[in-house]
Amino acid sequence: MREELRWTGDIGRVVVSRKDDKWFVSILVRTDDANTMVQVPLFDDRPAVGVDVGINTLATCSDGTKYENPRPLKRYLRKLRRAGRMLSRKVYLSRNWHKARKRLAHVHYRIACIREDSHHKASTSIVRKASAIGIETLNVSGLLKNRKLAKALSDSALSKFLTMLKYKAERRGIPITEASMFFASSKTCSSCGHKKAELNLSERTYHCTECSFTCDRDVNAAMNLCPV
Ligand SMILES: [Zn+2]
């Protein structure tokens, strides 16, 4: 397999790495044009978009679009456990141990690929349609204290997704606003601003008792995060 270099210039650092017995080469090219990586926004009439991230749905936009979370760990858990068991039964550093180790690494690699692929697809789609983006600041350490949520959260790797969204927005010159960690994007009504004291995770529809605004829970949160 080979691919031509997409940029011309002096070649700087070359890093060769290996993941799951696949080889990767990363080449740093110094170009004259500092703006090579800046991709100009595609449309001028694009709206500002608020993005709510979550466990079941990876991202919900204020325009109502949803990007599902593939949750690969859940799907691959049996394979992962079996590969782990196989490895633990082999004699350490024996030929079969090495084979089993490879198999386990391969399952981990598959999981990472599926996750990354869905993150790339969603983040690219979002930056393409937005002129400004609003996101929340995840209180991950607080959420991880909830044991039930912890596994699902590490599976969906939400902070990695937000980091990806941020750098893609920056690259296109799209301003990105991060709400405060304490902003109650889910509990607040996006129509009148009333804040509920309690909002159960099982309540999938937001219904405001003040102005009777009714909306999908995640879309309401995304609308609250929408800049402007
Ligand atoms: Zn309201």
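Trainee: Which residues is Arg204 in contact with, leaving aside its neighbours within four places in sequence?
Mentor: Please note that this is a predicted model, in which local features need pLDDT of at least 70, side-chain atom pairs count only at pLDDT 80 or more, and totals for chains, interfaces and linings use all residues. Residues are numbered from 1 along each chain as its sequence is written, and side-chain values use heavy atoms, with hydrogens and water left out. Contact means heavy atoms within 4.5 Å. With neighbours within four places set aside, the contacts of Arg204 are Asp216, Arg217 and Asp218.

Trainee: With which side chain does the side chain of Arg204 make a polar contact?
Mentor: A polar contact is a pair of N or O atoms within 3.5 Å; within protein, one must be able to donate a hydrogen and the other to accept it, and residues adjacent in sequence count only if both atoms are side-chain atoms. Arg204 is found in the loop between β7 and β8, where helices (H or I, at least four residues) and strands (E, at least two) are DSSP runs numbered from the N terminus. At 3.1 Å, the polar contact is with the side chain of Asp218.

Trainee: Is helix α6 largely enclosed or exposed, and why?
Mentor: Buried means under 20% relative accessible area, exposed over 50% and partly exposed in between, with a 1.4 Å probe and protein chains only. The buried residues of α6 pack against β3 (48-53), β4 (57-61), β5 (66-68), β6 (132-135), β8 (205-207) and β9 (214-216). Because 8 of the 9 residues of α6 (217-225) are buried, the helix is largely enclosed by the rest of the structure.

Trainee: Which residue caps the N-terminal end of α6?
Mentor: The cap is identified by a side-chain oxygen that lies 3.0 Å from the backbone nitrogen of Asp218. Asp218 is itself among the buried residues of α6. The capping residue is Asp216.

Trainee: What is the geometry of the zinc ion's site?
Mentor: Donors are N, O and S atoms within 2.8 Å of the metal (3.2 Å for Na, K and Ca); water is not among the atoms, so sites may look incomplete. The SG atoms of Cys189, Cys192, Cys208 and Cys211 coordinate the zinc ion at 2.3 to 2.4 Å. Four donors count as tetrahedral if all angles lie between 85 and 135 degrees. The angles among the 4 donor atoms are 108 to 111°, and the site is therefore tetrahedral.

Trainee: How many residues apart in sequence are the parts that Cys189 and Cys208 tie together?
Mentor: The donor residues follow the spacing C-x2-C-x15-C-x2-C. Cys189 lies in the loop between β7 (176-178) and β8, and Cys208 in the loop between β8 and β9, so the parts tied together are 19 residues apart.

Key. Tetrahedral: all angles 85-135°; square planar, octahedral: opposite > 155°, others 65-115°.
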